[in-house]
Amino acid sequence: MHIMVNGIQAVTMARTTAELRQTMAPECDGTIVDGYQLISDIPLQEGMTVVFWQRNHMPSAEAFETIRSARDSPAVHSRLRKARVGIAGLGGLGSNLAATLVRAGIGALVLADFDAVDPTNLNRQNYTMNDVGRPKTDATAAHLQDIDPTVQLELHQLRLEASNIPIVFAGCDIVCEAFDREDQKALLVETVLAACPQTEIVASSGLAGWSDANLIQTAHPFSRLTVCGDGISAARPGCGLMAPRVMVCVGHMANAVIQRLMAQKSNMEEQS
Amino acid sequence: MRVNGTEYGDAAGFTLDQWLSQHGYDAERIAVERNGHIVRRQNLAATKLQSDDVLEIVSFVGGG
């Protein structure tokens, strides 16, 4: 029987995942078959992709990549690994979006923020007390490298303006707008759409407070613009930014990034 | 003129920035696409509207 085992094509007489593990990776105690983590062993079938791994063991970079690929659909994983995604602003949306995109397998991120972490950020932003005072770019980079040491990061500690936005985000497939102020959001969207013709933008509008989370939606108002949010819940006195709705919006934005990247992939395949 | 799917008969003779302010839009908080192309805010005043224009306007509220 032909089985792909930890990235290598193998021919085996084993009939079950338990027998295969005993012969090929007796030190391992975890088994992923075609993207699914097994609870108990199953019979092998021709052409299966099997990854064995060790629970209390730090994998090599190659083994980690194999595990990551095995947990996603390989077609999605290979596209996301080649993607370059920008994030403008590393506050509540941006810091959590960066972590989510790295977990999803994005290969390269361009992160831009001028600010440093302060204690008022901790109600919703992906930082800890140990980060207070650090530039948000540096603090975010440290957290991301703890999640995936192989992720490529480009850091820009600066204020984004119409003049530097096309330079900072050059070569990005998608830029995520994660600013706080509405005029900054509008400026980033306008600048990327006008000055970066190959780049899409995923933006946000309306996520403050604690009203119904189901009001937060994903919309596609322009061909290269996606907007996530409820469109009305502005941050203001009496309606502050809180982690749950910020995270709902982050989930929408990260999923939109994956959907747009996969749509770009199928467009490229149609053209070639 | 069609704006976000709704017909408006009051566009002729106005520039885009005039029409936007007459309809309560704050040019600093929106992104505007005219006939499929983004209009940068410095060009709003120089953009003369035509009766067959199609506008898409996205408004942003703060928080992130």
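At roughly what angle do the axes of α4(A) and helix α5 (residues 136-147) of chain A cross? In this predicted model, the two axes cross at roughly 25° and come within 10 Å of each other.

**Confidence and domains**

- The model as a whole scores ipTM 0.96 and pTM 0.92, while chain B averages a pLDDT of 96, with 100% of its residues scoring at least 70.
- Chain A is divided into domain 1, which covers residues 2-71, and domain 2, which covers residues 76-271.
- The C-alpha centres of domain 1 of chain A and domain 2 of chain A lie 34 Å apart.

**How helices are compared**

**α4(A) with α5(A)**

- Because angles under 35 degrees count as roughly parallel, the crossing at roughly 25° makes α4(A) roughly parallel to α5(A).
- The crossing of α4(A) and α5(A) is right-handed.
- On the α4(A) side the contact is made by Ser95(A), Ala98(A), Ala99(A), Val102(A) and Arg103(A), and these meet Lys136(A), Thr140(A), His143(A), Leu144(A) and Ile147(A) of α5(A).
- Sorted by class, the residues of this contact are 5 nonpolar, 3 polar and 2 charged.

**α4(A) with α8(A)**

- Helix α4 (residues 92-104) of chain A also packs with helix α8 (residues 243-271) of chain A, and here the axes come within 9 Å and cross at roughly 45°, which means that α4(A) is oblique to α8(A).
- The crossing of α4(A) and α8(A) is right-handed.
- From α4(A), the contact involves Gly92(A), Leu93(A), Asn96(A), Leu97(A), Thr100(A), Leu101(A) and Ala104(A), whereas α8(A) contributes residues including Val246(A), Met247(A), Cys249(A) and Val250(A).
- The residues of the contact of α4(A) with α8(A) comprise 12 nonpolar and 3 polar ones, with no charged residue among them.

**α3(A) with α8(A)**

- Helix α3 (residues 74-82) of chain A packs with α8(A) at an angle of about 95°, the two axes being 10 Å apart, and so α3(A) is roughly perpendicular to α8(A).
- In this contact Val76(A), Arg79(A) and Leu80(A) of α3(A) meet Ile258(A), Leu261(A), Met262(A) and Lys265(A) of α8(A).
- The residues that join α3(A) to α8(A) divide into 5 nonpolar and 2 charged, with no polar ones.

**Where chain B touches chain A**

- The contact between the two chains takes 15 residues from chain B and 30 residues from chain A.
- On the side of chain B that touches chain A, the elements giving two or more residues are β3 (30-34) and β5 (54-59) of chain B, and β3(B) gives the most, with 3 residues.
- By class, that side of chain B has 6 nonpolar, 3 polar and 6 charged residues.

How values were computed. Residues numbered from 1 in each chain as written. Chains lettered and ligands numbered in written order. Predicted model: local features only at pLDDT ≥ 70, side-chain atom pairs only at ≥ 80, totals over all residues. Contact = placed C-beta atoms within 7 Å. Helix = DSSP H or I, 4+ residues; strand = E, 2+ residues; numbered from the N terminus. Nonpolar A, V, L, I, M, F, W, Y, C, P; charged D, E, K, R; others polar. pLDDT = per-residue confidence, 0-100. Domains from an automatic or database assignment. Axes fitted to C-alpha atoms, helices over the stretch in contact; angles between N-to-C directions. Parallel < 35°, antiparallel > 145°, perpendicular 65-115°, else oblique. Left-handed = near helix turned anticlockwise from the far one by under 90°.
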